[in-house]
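Open the model in your viewer and keep the selection panel at hand. The tour below goes from stop to stop, saying what to select and what is there.

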Amino acid sequence: MSTIMRTFRNLRKIGIKEYAHQMQYIGDTKAGTFIAKDRYGNKYYENLEQELPLRTRWVDYKDTEFDPSQIEPGWHAWMSYLVDKPPSEDPLVKAG
């Protein structure tokens with residue numbers, strides 16, 4: 001859960017519409033940098049400044065009925081902190 005100050009800070013950054021979306025689907029408020037969108041339409045974000053360790057990366061699933069199996073292997077490795085570069089920036093993953 002968020003602290004109240006973090007929640008208000010994120011509300012100010014992301015706006016009411018995105019705040020409501022995150023609370024409904026994630027159950028938390030997050031503000032960060034958009035990294036990329038995968039071929040399934042999932043959006044990936046990162047915030048290295050104000051988040052707790054190992055809570056700096058997250059995915060906004062395209063579908064409301066989401067399942068972690070909807071994440072491609074390269075993105076799963078990035079989300080799990082197994083690699084530092086997201087697949088959109090890694091030439092090996094792009095070539096494969």
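Start with helix H2 (residues 73–79) and select Trp 75 and Trp 78, which both lie in it, three residues apart, about one turn of the helix. Helices here are DSSP runs of H or I with at least four residues, strands are runs of E with at least two, and both are numbered from the N terminus. An α-helix has 3.6 residues a turn, so residues three or four places apart point the same way.

Before going on, note that this is a predicted model, in which local features need pLDDT of at least 70 and side-chain atom pairs count only at pLDDT 80 or more, while totals for chains, interfaces and linings use all residues. Residues are numbered from 1 along each chain as its sequence is written, and side-chain values use heavy atoms, with hydrogens and water left out.

Stay on the two Trp residues. Trp 75 is buried, with a relative accessible area of 4%, and Trp 78 is buried at 0%. Buried means under 20% relative accessible area, exposed means over 50%, and partly exposed is in between (1.4 Å probe, protein chains only).

Next, select the aromatic residues. The structure holds five aromatic pairs. Rings of Phe, Tyr and Trp (its six-membered ring) pair if their centres lie within 6.5 Å; planes under 30 degrees apart count as stacked, over 60 as edge-to-face and the rest as tilted.

Pick out Phe 34 and Tyr 45: their ring centres are 5.6 Å apart and their planes are at 65°, so this pair is edge-to-face. Phe 34 is in strand E1 (residues 33–37) and Tyr 45 in strand E2 (residues 43–46), so the pair ties together parts 11 residues apart in sequence. Are these residues buried or exposed, or in between? Phe 34 is partly exposed, at 44% relative accessible area, whereas Tyr 45 counts as buried at 17%.

Last, select helix H1 (residues 4–25), where Phe 8 is found. Phe 8 counts as partly exposed, at 47% relative accessibility. Colour the buried residues of H1, which are Arg 6, Thr 7, Asn 10 and Gln 22. End at Gly 27, which follows H1 and has a positive phi, near 85°.
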